[in-house]
Amino acid sequence: MSLKDACQRIQSGDGNAFAIIVDATATQLVRLAARIMGDLSLGEDVVQEAYCKAYDALMDGQFDGRSEVQTWLYRIVTNTALDALRSRARRTLPLGNADVSNPTDQLEARAALRALDGWIADLPPDQRVAIVLKELEGQSSVAIGKTLSISEGAVEQLLVRARSTLRARRDRQHD
Amino acid sequence: MTEPPDDPMAQLREATDGVQPSAGFASRVATAIQARKPSTWSPTLMLVERRGLWLTAAAGLACAVLLAVNLNGLKTLNALVINVLSELTL
């Protein structure tokens, strides 16, 4: 069954069909959110919230099927993660400290996410998301712009600033 | 082709390629979704819930018109409207 078929089944009252969407998309979406948040548990929280938003949108008939389901979910997850980063920035809480639920699960991946989180910690939320989508997810600037609802030029500006900050950081480490 | 060793983002991309949902993630999502579904959920019920206020108002207005017609026999339409409006404002 395709994801669009699953969406139609959900809209016609078969709520159990949502599991089909989760099974098909969870790995990609959790990896995306974990990279943005720099933490697996925080990434899972973001994706769970995004799934709930997607479910509500399906129930309200807000998904018209013109875009691919995965692309639609990818955008919801990215913007939910961006909101979470902004919320944390406003509260000036450190990132990456909530990952204590199961410390033995995926040790290497968690360590890599901590390293990633440390490397991009100085970036503002929008630059952080843009650099993750570009450098780690391999998205084009056009696609990033569509996801974040900004122009391609604005994406390029975010990337230039982010790379400048990261380059300065690397130079400081080399000195 | 290998990435330059001093490219941290390339190294971090490779290192995080293996990130996967933890055990039990899918069941947690299923529980969260289940909690959002009313127990008697159905598309028809949802439509009625969403349109309920308007349906109630329309039904009330129709009842008022029928009552006015019944009470006032063959009065003109203008008089009926005045009666309905005066009853609604009471």
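A:Arg66 is exposed, at 75% relative accessibility (exposed means over 50% relative accessible area, buried under 20% and partly exposed in between, with a 1.4 Å probe and protein chains only). The model is predicted: local features need pLDDT of at least 70, side-chain atom pairs count only at pLDDT 80 or more, and totals for chains, interfaces and linings use all residues. Residues are numbered from 1 along each chain as its sequence is written, chains are lettered from A and ligands numbered from 1 in the order in which they are written, and side-chain values use heavy atoms, with hydrogens and water left out.

**Salt bridges**

- Over all chains, 10 salt bridges are counted (a side-chain nitrogen of Lys or Arg within 4 Å of a carboxyl oxygen of Asp or Glu).
- A:Arg66 pairs with A:Asp64 in one of them, the closest N and O atoms being 2.7 Å apart.
- A network of salt bridges with shared partners joins A:Arg35, A:Glu137 and B:Asp17.
- In another salt bridge, A:Lys53 and A:Glu49 have their closest N and O atoms 3.8 Å apart.
- Both A:Lys53 and A:Glu49 belong to helix α3 of chain A, where they are four residues apart, about one turn of the helix (helices are DSSP runs of H or I with at least four residues, numbered from the N terminus).
- A:Lys53 is partly exposed at 34% relative accessible area, and A:Glu49 is partly exposed at 42%.

**Between the chains**

- The contact involves 38 residues of chain A and 27 residues of chain B (contact means heavy atoms within 4.5 Å).
- Three salt bridges are found across the interface of chain A and chain B.
- One of these links the side chains of B:Asp17 and A:Arg35, at 2.7 Å from N to O.
- On the side of chain A that touches chain B, α3(A) gives the largest share, nine residues.
- B:Arg36 and A:Asp56 also meet through their side chains in a salt bridge, at 2.5 Å from N to O.
- That pair runs from helix α2 (residues 25-36) of chain B to helix α3 of chain A.
- B:Arg36 is partly exposed at 39% relative accessible area, and A:Asp56 is partly exposed at 27%.

**Helix α8 of chain A**

- α8(A) has 23 residues and spans 32 Å from its first C-alpha to its last, close to the 33 Å expected at 1.5 Å a residue (1.5 Å times one less than the number of residues).
- Its buried residues are A:Val155, A:Leu158, A:Leu159, A:Ala162, A:Leu166 and A:Arg169.
- The cover over these buried residues includes α5, α6 and α7 (141-148) of chain A, together with α1 (8-15) of chain B.

Notes
Helix = DSSP H or I, 4+ residues; strand = E, 2+ residues; numbered from the N terminus.
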